[in-house]
Amino acid sequence: MTNQRKYYIIVDGDRHEGPLSFDEIIVHPRFSPTAPVWRDGLADWAQAQLIADFADYFASRQPVEPQQPLRPATPPPGFNMQPQQPQNFGGNPTSPMPEWWYADNRRERKMPSTYLAFAIIVTICCCIPTGIVAIIYSSKVSQAFYRGEYDRAENLSHNALLWCLISLLLGLMCMPLTGLIQYAAML
């Protein structure tokens, strides 16, 4: 039984391609274990290696190590067989790389807040037009983060909060005005 699902893959930032069949996506030039992929039934974009549909595909592509070496290596005469100590650049003593090399590459990133619940509440209770803008910004935060666009995700998160606060302030400013209009209508 073949997989009839349709997949989408993100290429070049925000642009995505699809729908693609299973056979089409695995030969796509941008397809890799870390490529962002989506299909019906997934809540959000995910790395291809984390989607169950591709588990067998990536498992079958693991390199197979030979059972026995082809021939034993014999060192040339005068070769020192003592292991050398790695050069220490002042960082991790077992690592041949300096500490600054790992500063950006190993740092775990935390996804910025989406403020989606706040955006929905201020849209319903305070100001619909600016609340919708807040919802749009907040819905894009996680997508940018999972694509690896960390700075863009931070910027979207700040914009979502800004529009939530604008909606809240507009709603609070309009409450007395609404009360005056209702009071005048009752007279």
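E149 is partly exposed in this predicted model, with a relative accessibility of 23%. Its side chain meets that of R152 in a salt bridge with an N to O distance of 3.5 Å. R152 is likewise classed as partly exposed, at 30% relative accessibility.

| Salt bridge | N to O distance |
|---|---|
| R5 and D53 | 2.9 Å |
| R39 and D53 | 2.7 Å |
| E149 and R152 | 3.5 Å |

The pair R5 and D53 links distant parts of the chain, 48 residues apart: R5 belongs to the segment before strand 1 (7–10), and D53 to the loop between strand 4 (46–47) and helix 2 (55–60). R5 is partly exposed at 40% relative accessibility, whereas D53 is buried, with a relative accessible area of 17%. R39 lies in strand 3 (residues 36–39), so its pairing with D53 ties together parts 14 residues apart in sequence. Both D53 and R39 are buried.

The axes of helix 4 and helix 5 (residues 128–146) come within 8 Å and cross at roughly 165°; the two helices are therefore roughly antiparallel. The crossing of helix 4 past helix 5 is left-handed. L116 is found in helix 4 (residues 116–125) and is partly exposed, at 35% relative accessible area. Together with I120 and I124, L116 forms a nonpolar surface patch of about 270 Å² of accessible area.

K110, in the loop between helix 3 (99–105) and helix 4, is exposed at 75% relative accessibility. K110 and Y150 are 40 residues apart in sequence, with a C-alpha to C-alpha distance of 9.2 Å.

Key:
Residues are numbered from 1 along each chain as its sequence is written. This is a predicted model: local features need pLDDT of at least 70, side-chain atom pairs count only at pLDDT 80 or more; totals for chains, interfaces and linings use all residues. Side-chain values use heavy atoms; hydrogens and water are left out. Patches are made of residues with over 30% relative accessible area and no salt bridge: like charges are joined within 9 Å, nonpolar side chains (Val, Leu, Ile, Met, Phe, Trp, Tyr) within 5 Å. Accessible areas come from the Shrake-Rupley method with a 1.4 Å probe; for residues, only the protein chains shown count as cover. A salt bridge is a side-chain nitrogen of Lys or Arg within 4 Å of a carboxyl oxygen of Asp or Glu. Helices (H or I, at least four residues) and strands (E, at least two) are DSSP runs, numbered from the N terminus. Buried means under 20% relative accessible area, exposed over 50%, partly exposed in between (1.4 Å probe, protein chains only). Axes are lines fitted to C-alpha atoms, for helices over the stretch in contact, and angles run from 0 to 180 degrees between N-to-C directions. Angles under 35 degrees count as roughly parallel, over 145 as roughly antiparallel, 65 to 115 as roughly perpendicular and the rest as oblique. A crossing is left-handed if the near helix is turned anticlockwise from the far one by less than a right angle, and right-handed if clockwise.
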